[in-house]
Amino acid sequence: MCGIIGYTGRRNAADILLEGLAALEYRGYDSAGMTLLANKEMKTIKAGGRLQNLEKLYNKSGSPMAGCGIGHTRWATYGEATDVN
C-alpha cells in the first residue's frame with residue numbers, strides 16, 4: 001500500500017507535498033520520499049521511518065523552492081525500509 005501526491009503551481013511544492021503526505025499517514029507506511037523540480041534540476045529526498053524524517057532531510061538539503069514535485073509513502077514489500085530503498 002502506498003500513497004502518492006503531486007503538485008505543480010506557484011506555491012512551494014515541498015510544503016504542499018509534505019502536507020498531503022501527512023494527510024495520508026493514516027494509511028500506514030514505513031518510508032517516504034519526494035522529488036522536486038527546481039531550477040531545471042530534479043532533487044530526490046528519501047527517508048525511512050516517519051514523515052518527520054523526510055521533513056528533516058528536506059530542511060537540511062537547503063529547502064529548495066520548487067513549483068513542481070511528487071511525493072509518496074510506502075510499505076516495503078521488497079527489501080528493507082531504508083533511505084536507499
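The model is a predicted one.

Start with the overall layout. The protein chain contains 2 helices and 4 strands. Their order along the sequence is β-α-β-β-α-β. The chain has 85 residues, and 39% of them count as buried. Its exposed surface comes to about 5400 Å², with 54% supplied by carbon and sulfur atoms. Now take the contacts between residues at least 6 apart in sequence. Of these, 60% join residues at least 24 apart.

Next, look at helix 1, which spans residues 13-23. Which of its residues are buried? They are Ala-13, Ala-14, Ile-16, Leu-17, Leu-18, Gly-20 and Leu-21. An α-helix has 3.6 residues a turn, so residues three or four places apart point the same way. What do the buried residues of helix 1 pack against? Their partners are strand 1 (2-8), strand 2 (31-38), helix 2 (51-60) and strand 4 (68-74).

In soluble globular proteins, nonpolar side chains tend to be buried together. Here the largest nonpolar core has 19 residues. The members that touch the most others are Leu-18, Met-34, Leu-36, Leu-51, Leu-54 and Tyr-58. Helix 1, strand 2, strand 3 and helix 2 each give two or more residues to this core. Helix 1 provides the largest share, 6 residues. Setting aside residues up to four places away in sequence, Leu-18 touches Met-34, Leu-51, Leu-54, Glu-55 and Tyr-58.

Tyr-58 also meets a polar residue, Asn-12. Asn-12 sits in the loop between strand 1 and helix 1. Is Asn-12 buried or exposed? Its relative accessibility is 10%, so Asn-12 counts as buried. The side chains of Asn-12 and Tyr-58 make a polar contact at 3.2 Å. A polar atom of the Asn-12 side chain also lies 3.3 Å from the backbone nitrogen of Ala-66. Asn-12 and Ala-66 are 54 residues apart along the chain, yet their C-alpha atoms are separated by 5.4 Å. Beyond its neighbours within four places in sequence, Asn-12 is in contact with Tyr-58, Pro-64, Met-65 and Ala-66.

Thr-35 is another buried residue, with a relative accessible area of 17%. Thr-35 belongs to strand 2. Its side chain makes a polar contact of 2.9 Å with the side chain of Thr-44. Leaving out residues up to four places away in sequence, Thr-35 touches Met-42, Lys-43, Thr-44, Cys-68, Gly-69 and Ile-70.

Cys-68 brings us to the cysteines. Cys-68 is partly exposed, at 29% relative accessible area. Cys-2 is also partly exposed, at 37% relative accessibility. The structure holds 0 disulfides.

Arg-50 pairs with Glu-25, and their closest N and O atoms are 3.6 Å apart. This pair links distant parts of the chain, 25 residues apart. Arg-50 lies in the loop between strand 3 (41-48) and helix 2, while Glu-25 lies in the loop between helix 1 and strand 2. Arg-50 is partly exposed at 46% relative accessibility. Glu-25 is partly exposed too, with a relative accessible area of 25%.

Technical notes. Residues numbered from 1 in each chain as written. Predicted model: local features only at pLDDT ≥ 70, side-chain atom pairs only at ≥ 80, totals over all residues. Heavy atoms only, no water. Buried < 20%, exposed > 50% of the residue type's maximum accessible area, 1.4 Å probe, protein only. Contact = heavy atoms within 4.5 Å. Areas by Shrake-Rupley, 256 points an atom, 1.4 Å probe, with all protein chains shown as cover. Polar contact = N/O pair within 3.5 Å; in protein donor to acceptor, adjacent residues only side chain to side chain. Disulfide = S-S within 2.5 Å. Salt bridge = Lys/Arg side-chain N within 4 Å of Asp/Glu carboxyl O. Core = buried A, V, L, I, M, F, W, Y, C linked by side-chain atoms within 4.5 Å.
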